Amino acid sequence: MVEELVAAGVTLVSAGAVYAMAAARVVKQYERGVVFRLGKLRPEVRGPGFTMIVPGIDKLRKVNMQIVTMPVPAQEGITRDNVTVRVDAVVYFKVTAPAEAVVRVEDYKFAVSQMAQTSLRSIIGKSELDDLLADREKLNQGLELMIDSPAVEWGVTIDRVEIKDVSLPETMKRSMARQAEADRERRARVINADAELQASKKLAEAAKEMSEQPAALQLRLLQTVVAVAAEKNSTLVLPFPVELLRFLEKAQQQGVAAPPPVAQPVQEQLPAPQPRLDPDLEGSNSRQD
């Protein structure tokens, strides 16, 4: 009798252990458990930790609540200004309603991926090339809004969308490089012209000051000589401005008196020499007489 009781107890314990092993479930911290009892969704969502279900009747499905990073394959499209580009992006999303993510959509990850690709192609067609290259933050917000609108019904929230890279044709890259080079050259010329204008104004002011003080021009000339001589050149080219000559002429007229005239020596007047006749010519003349 005792042996039969012991055997029955062992059987019950074994059956209980098997039942406990079949009913025991462990939900991790970053997961939530959705229970289906005879195919019907239970209202409560199992939190992290140890939980029990009815074997054969209940079915527990775990849903990951972590942020999922999903790359969006590169999509080729034509922008609004008729430029062919290839754009790829990345989507960050997470599940906020585990029951809806399991019930409303078959595979929420695949659904988000397809929606992201479709929205990315739509953004390419609505935007211009300059917006894709320079104003990505605005496009990221528009792309996030387009993906998040249908994803909310699936129990999924889009956390962030980023456009990673924009691939352009080689011809477009060369055209953009030439445009950037021309723009930089234009700005360099404008800056140079502005510098010349400012320098001319300063030179005009300096010339006005020097005209009022003629000695300043001589001092400036001496400064130029000192600057050139500091280079240790073998040949020194010294400019001699006309204004300096005028300055020296005025100084001479104002400060130095004209010297008295010097008497010229009187030369003695000598008689003019008489012409000498050739004797042959005199003989001939006498014979003729």
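**Figure 1. Pairing of strands β7 and β8.** Over 10 bridges, strand β7 (residues 84-95) and β8 pair in the antiparallel sense. The structure is a predicted model. Within this pairing, Val87 has Val166 of β8 standing opposite.

**Figure 2. The open sheet β6-β7-β8.** Three strands make up this open sheet, in the order β6-β7-β8, and the pairing is antiparallel. β6 (68-78) and β8 (156-167) are the edge strands, each of which pairs on one side only. From one strand to the next, the twist averages 25 degrees.

**Figure 3. Helices α3 and α5 across the sheet strands.** Helix α3 spans residues 108-126 and lies across β6, β7 and β8. The direction of α3 is at about 35 degrees to β6. Helix α5, formed by residues 136-151, lies across β7 and β8. Relative to β8, helix α5 runs at about 140 degrees.

**Figure 4. The salt bridge between Arg37 and Asp58.** The side chains of these residues, Arg37 and Asp58, meet at 2.7 Å, N to O. The pair links distant parts of the chain, 21 residues apart. Arg37 belongs to strand β2 (residues 31-37), and Asp58 belongs to strand β5 (residues 58-64). Asp58 has a relative accessible area of 7% and, because this is under 20%, counts as buried. Arg37 has a relative accessible area of 31%, so this residue is partly exposed. Side chains of opposite charge can pair when their charged atoms come close.

**Figure 5. The Lys173 and Glu170 pair in helix α6.** Both residues, Lys173 and Glu170, lie in helix α6, which covers residues 170-212. They are three residues apart, about one turn of the helix. Their side chains meet in a salt bridge at 3.8 Å, N to O. The relative accessibility of Lys173 is 41%, and Lys173 therefore counts as partly exposed.

Figure 6. Glu185 and Arg189 form a salt bridge in which the closest N and O atoms are 2.9 Å apart. Both Glu185 and Arg189 lie in helix α6, with a spacing of four residues, about one turn of the helix. Glu185 is partly exposed at 42% relative accessibility. Arg189 has a relative accessibility of 58% and, because this is over 50%, counts as exposed.

**Figure 7. The chain as a whole, as context for the close-ups.** The secondary structure comes to nine helices and eight strands. The chain has 289 residues, of which 21% count as buried. Its accessible surface comes to about 21,600 Å², and carbon and sulfur atoms account for 56% of that area. Among contacts between residues at least 6 apart in sequence, 65% join residues at least 24 apart. The structure holds nine salt bridges, including the one between Arg37 and Asp58.

Notes: Residues are numbered from 1 along each chain as its sequence is written. This is a predicted model: local features need pLDDT of at least 70, side-chain atom pairs count only at pLDDT 80 or more; totals for chains, interfaces and linings use all residues. Side-chain values use heavy atoms; hydrogens and water are left out. Two strands pair if DSSP finds at least two bridges between them. Helices (H or I, at least four residues) and strands (E, at least two) are DSSP runs, numbered from the N terminus. Axes are lines fitted to C-alpha atoms, for helices over the stretch in contact, and angles run from 0 to 180 degrees between N-to-C directions. Contact means heavy atoms within 4.5 Å. Buried means under 20% relative accessible area, exposed over 50%, partly exposed in between (1.4 Å probe, protein chains only). Accessible areas come from the Shrake-Rupley method with a 1.4 Å probe; for residues, only the protein chains shown count as cover. A salt bridge is a side-chain nitrogen of Lys or Arg within 4 Å of a carboxyl oxygen of Asp or Glu.
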